[in-house]
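Welcome to a short tour of this structure. Have a look at the sequence and the fold, and then we can walk through the helix packing, the core and the aromatic rings together.

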Amino acid sequence: MAQYLLSVYQPVGPAPSPEVLEPIMHDLEALNQEMKAAGAWVFAAGLHPTDTATVVRQQGAGLLITDGPFAETKEHLGGFTVIEAADLDAALGWAGKLARATTLPIEVRPIQH
């Protein structure tokens with residue numbers, strides 16, 4: 001089985017109100033349990049806000065370290081799930097469920113080994 005990264009992209013801005021976030025977290029936990037029961041779930045995590053990010057890049061012979069995300073965008077990586085799936089179609093099926101649970105866009109990418 002191949003592994004896939006399901007990246008959760010969220011809009012820049014304040015977190016949703018508890019009334020909005022609580023049902024999403026409930027649905028997300030139910031989906032995580034479904035993936036675990038199916039043997040697809042490998043690992044998942046949310047990320048701290050973008051103001052905690054640090055970018056390190058090579059600049060000449062040295063390194064340049066800057067605060068914040070790599071690029072200014074209207075969306076940022078908010079969390080991820082690593083799954084095992086038989087093929088891309090199966091991974092897309094899980095991604096669709098994750099998109100419905102989180103109400104956010106999900107990027108699917110195979111993991112190189």
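## A helix and its buried face

In α2, the buried residues are Ala 91, Trp 94, Ala 95, Leu 98, Ala 101 and Thr 102. Viewed down the axis of α2, these buried residues fall within an arc of 120 degrees, so they line one face of the helix. Asp 89 and Arg 100, on the other side of α2, are exposed. Bear in mind as you read that this is a predicted model.

What lies over that buried face? The cover of the buried residues of α2 includes β1, α1, β5 and β6. The length of the helix also checks out: with 15 residues at 1.5 Å a residue, α2 should span 21 Å, and its end C-alpha atoms are 20 Å apart, which agrees.

Setting aside neighbours within four places in sequence, Leu 98 is in contact with Leu 6, Val 8, Leu 28, Leu 31, Thr 81, Thr 103 and Ile 106.

Thr 103 sits in the loop between α2 and β6. The phi of Thr 103 is positive, at about 60 degrees, although this residue is not a glycine. Is Thr 103 buried or exposed? With a relative accessible area of 56%, Thr 103 is above the 50% cut-off, so it counts as exposed.

## Aromatic rings

The structure holds one aromatic pair. Phe 43 and Phe 80 form this pair, and its geometry is tilted. The pair links distant parts of the chain, with Phe 43 in strand β2 (residues 41-46) and Phe 80 in strand β5 (residues 75-85), 37 residues apart. Phe 43 is partly exposed, its relative accessible area being 43%.

| Residues | Arrangement | Distance |
|---|---|---|
| Phe 43 and Phe 80 | tilted, 35 degrees between the planes | 5.8 Å centre to centre |

Terms used
Residues are numbered from 1 along each chain as its sequence is written. This is a predicted model: local features need pLDDT of at least 70, side-chain atom pairs count only at pLDDT 80 or more; totals for chains, interfaces and linings use all residues. Side-chain values use heavy atoms; hydrogens and water are left out. Rings of Phe, Tyr and Trp (its six-membered ring) pair if their centres lie within 6.5 Å; planes under 30 degrees apart count as stacked, over 60 as edge-to-face and the rest as tilted. Helices (H or I, at least four residues) and strands (E, at least two) are DSSP runs, numbered from the N terminus. Buried means under 20% relative accessible area, exposed over 50%, partly exposed in between (1.4 Å probe, protein chains only). Contact means heavy atoms within 4.5 Å. The expected span of a helix is 1.5 Å times one less than its number of residues. The arc is that of the directions from the helix axis to the C-beta atoms.
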